[in-house]
Amino acid sequence: MNVLTAIKTRASAAALGEPGPTPEQLEAILGAGICAPDHGRLSPWRFVVLTGADRKILADAWAEMRLRVSPETSKADAEKEGQKAMRAPTIVVVAARVNVPHKVPAIERVVAVGAAVQNMFLAAHALGVGAMWKTGEAAYDDKVKVALGLAATDQIVAFLYLGTTLSKGKPREDKLSDYIIKA
Ligand SMILES: Cc1cc2nc3c(=O)[nH]c(=O)nc-3n(C[C@H](O)[C@H](O)[C@H](O)COP(=O)(O)O)c2cc1C
């Protein structure tokens with residue numbers, strides 16, 4: 001698929017199901033991520049791939065966060081929230097490692113990882129793999145990060161959910177002229 005066609009036709013899936021990406025597709029998607037532009041070539045991206053039963057690591061950490069942060073929540077509701085980790089066969093947690101001392105500011109490393117996520121999203125689309133980019137409170141919780149094997153200082157940029165599109169989202173139809181500001 002031509003890159004402009006991929007950009008124009010990409011949309012978040014509204015619902016994802018089995019099967020998830022094959023190992024070859026997953027490697028191509030992660031490989032697209034590490035081709036993103038990155039100031040200083042610091043390669044700030046880190047990936048945690050959760051498939052099958054491993055998704056429970058995120059589900060459990062998410063539920064634990066809810067009970068800790070909002071103690072009025074019932075255990076059942078917290079577990080239900082954690083089950084969002086099961087809404088796709090594969091989750092790639094994409095994080096920026098920003099604690100390495102360097103003159104390139106942390107924000108530029110986070111932006112580079114955002115570019116990596118978009119590369120991954122487009123690669124998934126070109127391969128016929130459905131995707132959703134989510135974050136939310138769990139992405140900013142230190143204990144969730146540590147449960148996933150990340151450092152508390154890492155910045156989670158995306159929970160990239162991957163699978164078979166069950167329900168399609170709409171491609172964007174924004175008017176370019178709405179965003180052009182004349183100097
Ligand atoms: C950094 C980032 C975080 C996001 N987090 C969420 C989220 O937590 N929940 C959600 O519903 N959408 C989230 N989105 C938005 C969707 O993934 C999606 O991009 C948006 O709804 C636009 O739809 P589209 O991808 O089809 O253009 C996030 C997008 C970005 C770029």
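Modeller: Strand β4 (residues 130–134) pairs with β5 in the antiparallel sense over five bridges; helices (H or I, at least four residues) and strands (E, at least two) are DSSP runs, numbered from the N terminus, and two strands pair if DSSP finds at least two bridges between them. Within this pairing, Trp133 stands opposite Leu160 in β5. The model is predicted: local features need pLDDT of at least 70 and side-chain atom pairs count only at pLDDT 80 or more, while totals for chains, interfaces and linings use all residues. Residues are numbered from 1 along each chain as its sequence is written.

Strand β5 also has other partners. Strand β3 (residues 90–96) is antiparallel to β5, with seven bridges between them, and Ala95 stands opposite Ile156 in β5. Strand β1 (residues 15–17) pairs with β5 (residues 155–167) over three bridges, again in the antiparallel sense; here Leu16 has Thr165 as its bridge partner. In a regular strand the side chains alternate between the two faces of the sheet.

Trp133 also belongs to the surroundings of the ligand, together with Ala11, Ser12, Met132, Lys134, Thr135, Gly136, Gly169 and Arg172; a residue is near a molecule or strand if its C-beta atom, placed from the backbone, lies within 6 Å of it. This shell divides into three nonpolar, four polar and two charged residues. In this classification Ala, Val, Leu, Ile, Met, Phe, Trp, Tyr, Cys and Pro count as nonpolar, Asp, Glu, Lys and Arg as charged, and the others, Gly among them, as polar.

Two loops deserve mention. Pro19 lies in the loop between β1 and α2, and the peptide bond joining Glu18 and Pro19 is cis, with omega about -5°. Arg41, in the loop between α2 and β2 (45–51), has a phi near 45°, a positive value in a residue other than glycine.

Among the helices, α2 (residues 23–33) packs against α5 (residues 106–126) at an angle of about 145°, with their axes 7 Å apart. Axes are lines fitted to C-alpha atoms, for helices over the stretch in contact, and angles run from 0 to 180 degrees between N-to-C directions. Ala28, Ile29, Ala32 and Gly33 in α2 meet Ala116, Asn119, Met120, Ala123 and Ala124 in α5, contact requiring C-beta atoms, placed from the backbone, within 7 Å. Seven of the residues in the contact of α2 with α5 are nonpolar, two are polar and none is charged.

The axes of α3 (residues 55–69) and α4 (residues 75–82) come within 7 Å and cross at roughly 140°. The contact of α3 with α4 comprises five nonpolar, one polar and five charged residues.

Terms used. Contact = placed C-beta atoms within 7 Å.
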